[in-house]
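I opened my notebook to record what I looked up in this model. My entries follow in the order I made them.

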Amino acid sequence: AVVSTQSTGSRFFLNSDTGSQQHQPPVESFTYNPIMLGEFTLSKDRQFTNGATIPTIKDEVKLPIDLNKGFKEWSDPSEIPTLDVLFRWICDNNFVIDNVNVLTYRGLLKKIAVTKYDAYKNHWCVRLSKLQSTVIMDEIETEEHKRKRHSESEQQKKFQYYGHKFEEEILQYENDPKESNIVVTSKIGQYRCLFAAEVDGKDKMDNIVEIKTHRMMLNDYHKKAFERSKLLNTYLQCYIAGISQTCFGFRDQRGFVKQMKNYSLSEIEKRCVKVWNKDIIMKFLSDVLQWAFNQIETGKVYHLMYSGDNHIELEQVENVKYLPDWFTNYVLKCHKNENL
């Protein structure tokens with residue numbers, strides 16, 4: 001559902017609009033210019049290394065690819081990411097965050113933004129705290145997410161594994177596979193953001209490429225669902241991080257990739273022009289951040305929550321200390337030195 005927004009007190013309301021995207025009034029173009037500042041890698045046991053070697057897509061990929069291989073031995077590593085690794089990058093690079101308004105990771109910004117067009121599925125809870133002039137945003141697992149995680153069927157786990165396996169099959173790693181991340185800065189509305197984003201691989205021109213799998217589309221319903229959900233989420237994931245290229249592997253019902261296709265972000269945007277609008281989405285994200293940040297105070301902890309209803313809620317919670325001392329001390333020391 002396309003939604004309009006209205007903020008009142010501790011609730012930010014999403015009111016359903018009628019009509020298709022093509023009948024929505026014109027919207028002002030949203031200015032957004034992400035810049036990559038650095039990279040880091042994480043090993044399988046989450047060991048941090050400053051700098052990254054992003055794997056390259058192989059020159060030749062033989063099809064079909066059986067995505068089921070190795071599934072029985074696979075242990076799902078998925079967990080809600082923490083900001084500790086971004087804190088580590090900041091400290092290792094002596095980066096001063098005095099001019100940073102928001103410190104977070106890309107996936108969380110995307111999760112909030114996509115609520116604009118996915119208003120009944122995308123539950124989330126964000127913890128907010130303010131350190132000096134910087135709002136730190138990280139995710140808290142919701143009860144809905146816990147329920148879904150614990151009740152996943154084997155087929156649902158397979159779908160998660162398929163993405164991992166497809167990357168493994170088409171990328172050329174120098175050594176053991178590691179998680180590559182980039183650190184990006186950009187303004188969202190009036191707020192200067194600094195965030196980390198996991199990346200998959202790059203092409204021969206050194207363009208970072210987002211790699212995805214999806215079922216083969218056999219009818220118009222499949223195509224519409226692909227545009228409404230998969231392409232929307234993929235587009236935002238790339239757009240927020242400044243990634244311009246994607247690579248899709250289309251699989252059959254047995255889990256065999258039969259076709260690969262590259263889409264640029266401009267191609268995705270043109271294809272979905274009647275389904276969703278990226279300027280509306282980014283304006284929505286900016287409005288939510290502004291509404292929430294105008295209400296929070298330094299030294300207090302808040303939860304920003306969406307549970308599938310028609311509103312986003314903000315509430316103050318008990319001041320649970322969760323920022324590591326070594327990072328807090330670093331920020332305070334930098335702030336003191338900047339003001340000498």
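**Entry 1: cysteines**

I began with Cys91 and looked for a sulfur partner. The closest cysteine sulfur, in Cys334, is 7.6 Å away, which is too far for a bond. A disulfide here is a pair of cysteine sulfur atoms within 2.5 Å. By this rule I count zero disulfides. I checked Cys125 too: its nearest cysteine sulfur belongs to Cys193 and is 19 Å away, so Cys125 is in no disulfide.

This is a predicted model, where local features need pLDDT of at least 70 and side-chain atom pairs count only at pLDDT 80 or more, while totals for chains, interfaces and linings use all residues. Residues are numbered from 1 along each chain as its sequence is written, and side-chain values use heavy atoms, with hydrogens and water left out.

Is Cys91 buried or exposed? I looked up the cut-offs: buried means under 20% relative accessible area, exposed over 50%, and partly exposed in between, with a 1.4 Å probe and protein chains only. Cys91 has a relative accessible area of 17%, so it is buried. Cys125 is buried as well, at 8% relative accessibility.

**Entry 2: Asp138**

Asp138 sits in strand E9, residues 134-139. Helices (H or I, at least four residues) and strands (E, at least two) are DSSP runs, numbered from the N terminus. Asp138 has a relative accessible area of 8%, so I wrote it down as buried.

What does Asp138 touch, not counting residues up to four places away in sequence? I listed Leu83, Tyr105, Leu108, Cys125, Val126, Arg127 and Tyr322. Contact means heavy atoms within 4.5 Å.

**Entry 3: helix H2 and its partners**

Next I took helix H2, residues 106-113. Six of its eight residues are buried, so H2 is largely enclosed by the rest of the structure. The buried ones are Arg106, Leu108, Leu109, Lys110, Ile112 and Ala113.

I then looked at packing. Two packed helices are described by the angle between their axes and the distance between the axes. Axes are lines fitted to C-alpha atoms, for helices over the stretch in contact, and angles run from 0 to 180 degrees between N-to-C directions.

H2 packs with helix H5, residues 220-241, at about 130°, and the axes are 9 Å apart. That makes H2 oblique to H5. Angles under 35 degrees count as roughly parallel, over 145 as roughly antiparallel, 65 to 115 as roughly perpendicular and the rest as oblique. From H2, the contact uses Arg106, Leu109, Lys110 and Ala113; from H5, it uses Asn233, Leu236, Gln237, Ile240 and Ala241. I sorted these residues into five nonpolar, two polar and two charged. For the sorting, Ala, Val, Leu, Ile, Met, Phe, Trp, Tyr, Cys and Pro count as nonpolar, Asp, Glu, Lys and Arg as charged, and the others, Gly among them, as polar.

H2 also packs with H7, at about 105° and with axes 9 Å apart. H2 and H7 are therefore roughly perpendicular. Leu109, Ile112 and Ala113 of H2 meet Ile281, Phe284, Leu285 and Val288 of H7. This contact has seven nonpolar residues, no polar and no charged.

H5 and H7 (residues 278-293) pack with each other too, at about 65° and with axes 12 Å apart. Here Leu232, Tyr235, Leu236, Tyr239 and Ile240 of H5 meet Lys278, Ile281 and Met282 of H7. I counted seven nonpolar, no polar and one charged.

**Entry 4: backbone**

Most residues other than glycine have a negative phi, and most peptide bonds are trans. I looked for exceptions.

Arg46 is not a glycine, yet its phi is positive, about 65°. I found Arg46 in the loop between strand E3 (35-42) and strand E4 (48-50). Its relative accessibility is 41%, so Arg46 counts as partly exposed.

Asn94 also has a positive phi, near 50°. Asn94 lies in the loop between helix H1 (84-92) and strand E7 (102-105). With a relative accessible area of 60%, Asn94 is exposed.

Which peptide bond did I note as cis? I noted the one from Leu63 to Pro64, with omega near 0°. Pro64 is in the loop between strand E5 (56-57) and strand E6 (65-66).
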